[in-house]
Each structure stands twice: as C-alpha cells, then as structure tokens.
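Dear colleague,

Please find the structure below, followed by an account of what was found in it. I would be grateful if you read the notes with the structure open beside them.

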Amino acid sequence: MADEIIKDERITGESMADKPVASEAKKSGGRKLKPGYTLMHEHMTLDLSGVKKDDDCRLDCFEETVRELRKLYEYGVRNILEVTNTGMGRDREYIEAVSRESGINIMPCTGFYKEPFLPSWIQERTAKQLADLMVSEIVRGIEGSKTRAWAIGETGTGRQQMRDTERKVLEAAAMAAVRTGAAVTTHTTLGTLGREQADFLMERGVRPEKIVIGHMDLSQDMDTICSVLETGVNIGFDTVGKENYCPDGFRAKALREIQDRGMISRVVLSMDITRKSQLTYRGGPGYGFLFEKFLPMVRAWGISGESIDMMLMHNPRRILEDNHSSGGIPEEGR
C-alpha cells in the first residue's frame, strides 16, 4: 500500500496531502463507540524486544490477555484504543481476535512511534508521504483490510528533545489529522515536551479537542500538567499502576486538583500495559487494576462519580466520534 500511494504521487506530480479532502474526513467519521467505559491508551500486542533486548517487551500472551479483558468487560469496559502502530509490532489479525474473544471493541491506530523504534524507511519518506499512509489506513483500511484505524498514534518524542525524524512523523500526523478529522494521541517521555507537542499540532491546524497528550501523569508536576490543559487539548493520565515511574497517590491528588480547577473534561485514563510482567499471570497489576484499586483510591480523594464517567465515557466519546464534524478542510478554506 505504501508503494502504491507513492507511485500514484509520482504519476500525478502532487501529494495527496496537498489536496482539499473534506471527503476523507467524511469517510473517516460516523463510527460510534459502544456504550460503556473506554480505555484510551493500551496495547493488546506489542514488540519492542528487538530494540530493548528484553523478551518481556514482547506482549504476545493471547489467552492471558483475553482472560483479563473479559474481566474488564465485567467492569463495564466496552472500548479500548489500541495504540500499537507501525514499528511497534502492530498485528491487526491478533487485535481482531482479542476483540472477538473478549467482546470489547478494540480500536486500532495508525502512525509511527518515536526513536529508536521508527522503521528505517521513514528516513526515505517525506512527511506528506507518511501522511498519505496514515490517511489510507483511516479511510480505506489497514493492510488492505476493511479494518480502519480510529486514531493516529501513539506518536512521540524523546525526553526533553524532538529529533528530526520525530518532528517529521508529528508533522505527518498533523497533516493526516487535518485531512480526516481523526484524533492524534501522543507519547511524551516522562511527561516532557507535552506543551510543545500540543503547540506543534495546533499550529498545523489540528483542533485541540482532537489531541490527547499522553503520559502527562509521569511529569509529576502540576504546573506542567495545567500548562498543557490550558491550551485546550486533552491529556492522558494513562500509566495508572506504574508506580515505578510515578506513585498512584500523585495521580489521585493531581486529578482532584484538576477536578477542582474545572478541567476534568479534558482528561482520559488508561494503564498502558506494555510488558508480560505487568499482567496478573506474571504477578503484575493487570488491566483491571484501574477499576479494582485506582478508582477506589481516587474516590477517597474526592473524585466524583460524574468526573469518573467524564474521564472514562464522555471524554473518549467526544475525542473519537464524529470525525467528519471535527476536522478536515473547512468550506471557506477550499
């Protein structure tokens, strides 16, 4: 598909990313989440083991994953945004099988991650060509299938730095988001460069309500978190249970402050399971930890039921649904 798109570009002499494509935004919209809770940053399958030289980073335990997701179903989870993309070991058929067996709507993504996990051929492509690939997966389908990507991400930057390839990928993500109206969900390394990511995407036309700046809980700094929220974008408190990076007590306290400041309508929650050892069969917290341990903790901190529903139901629905009405080329700009 990549070569097909690039070949088409050579024939016509122009990139698809240059064209007014409101029709692409219309084609990418119209899908609805299942009623219930939505986790906004998870991996059903993942393989970062080649770079990290650690088999624990190959998430390929199908039966154990399905078992945990069936428990999530009992807790009311009906949708999961699956943010594994090209270069991270995305496996469409695996994801579809997990969805069938668990009963949960698992929504795949398109795009590219960050260094050093970007495919080598990224160097040879322009941002416009990369955007074409993302648009194709959102509008047509992933890998020639009818399964369309729901969002762009997770696309990220390093700790306190944005490398040239990461900048190109983020540029491409912005192009694809403007063309389709799809949401962009990002990876920040330990919560750094969140404001910079938000500004970068918005300066290129991505609407703030369609941006999720990920892993902001890991900044462990309320000024940093609020500076991102004040731009109007959404943020992810999406590493719940990873206390080796950030105590859950901070997450609970921070959410209470965000609630008190009236900004809880721009927060989403998730666990970001990326290792076998994080699943319960290996002694980890598992996907269910958010419901079994974390939500009781935040309730004790004074987070209301309305706020919990906002983070797990209403905010995800606003971000992911109705792409055609929240993106694409405006009439006056055609």
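Asp 248 counts as buried, because its relative accessibility is 1%, under the 20% that sets the limit for buried residues. Please note that the model is a predicted one. The side chain of Asp 248 meets that of Arg 251 in a salt bridge, with 2.7 Å from N to O. Arg 251 is buried as well, with a relative accessible area of 0%. Both residues belong to helix H10 and lie three residues apart, which is about one turn of the helix.

Asp 260 and Arg 256 are four residues apart in the helix, so about one helical turn separates them. Asp 260 is exposed, with a relative accessible area of 54%, whereas Arg 256 is partly exposed at 31%. Elsewhere, salt bridges that share partners join Arg 90, Arg 92, Glu 93, Glu 96, Glu 137 and Glu 143 into one network.

The whole structure holds 25 salt bridges. One of them pairs Asp 272 with Lys 242, the closest N and O atoms being 3.4 Å apart. Asp 272 lies in the loop between E10 and helix H11 (289-300), and Lys 242 in the loop between E9 and helix H10 (248-260), so this pair ties together parts that are 30 residues apart in sequence. Asp 272 is buried, with a relative accessible area of 6%, and Lys 242 also counts as buried at 10%.

I turn next to the sheet. Eight strands form an open sheet with parallel pairing, in the order E1-E4-E5-E6-E7-E8-E9-E10. Its edge strands are E1 (37-42) and E10 (267-269), each of which pairs on one side only. On average, neighbouring strands of the sheet are turned by 30° against each other, direction ignored. Strand E8 (residues 211-213) runs parallel to E9 and is joined to it by two bridges; Ile 213 stands opposite Ile 235 in E9. Helix H4 (residues 62-74) lies across E1, E4 and E5, at about 130° to E4.

Which residue's side chain makes a polar contact with the side chain of Arg 318? It is Asn 234, at 2.7 Å. Asn 234 is placed in strand E9 (residues 234-237) and is buried, at 0% relative accessibility. A polar atom of the Asn 234 side chain also lies 2.9 Å from the backbone oxygen of Ile 211.

Yours sincerely

Key:
Residues numbered from 1 in each chain as written. Predicted model: local features only at pLDDT ≥ 70, side-chain atom pairs only at ≥ 80, totals over all residues. Heavy atoms only, no water. Buried < 20%, exposed > 50% of the residue type's maximum accessible area, 1.4 Å probe, protein only. Polar contact = N/O pair within 3.5 Å; in protein donor to acceptor, adjacent residues only side chain to side chain. Pairing = 2+ DSSP bridges. Axes fitted to C-alpha atoms, helices over the stretch in contact; angles between N-to-C directions. Contact = heavy atoms within 4.5 Å. Salt bridge = Lys/Arg side-chain N within 4 Å of Asp/Glu carboxyl O.
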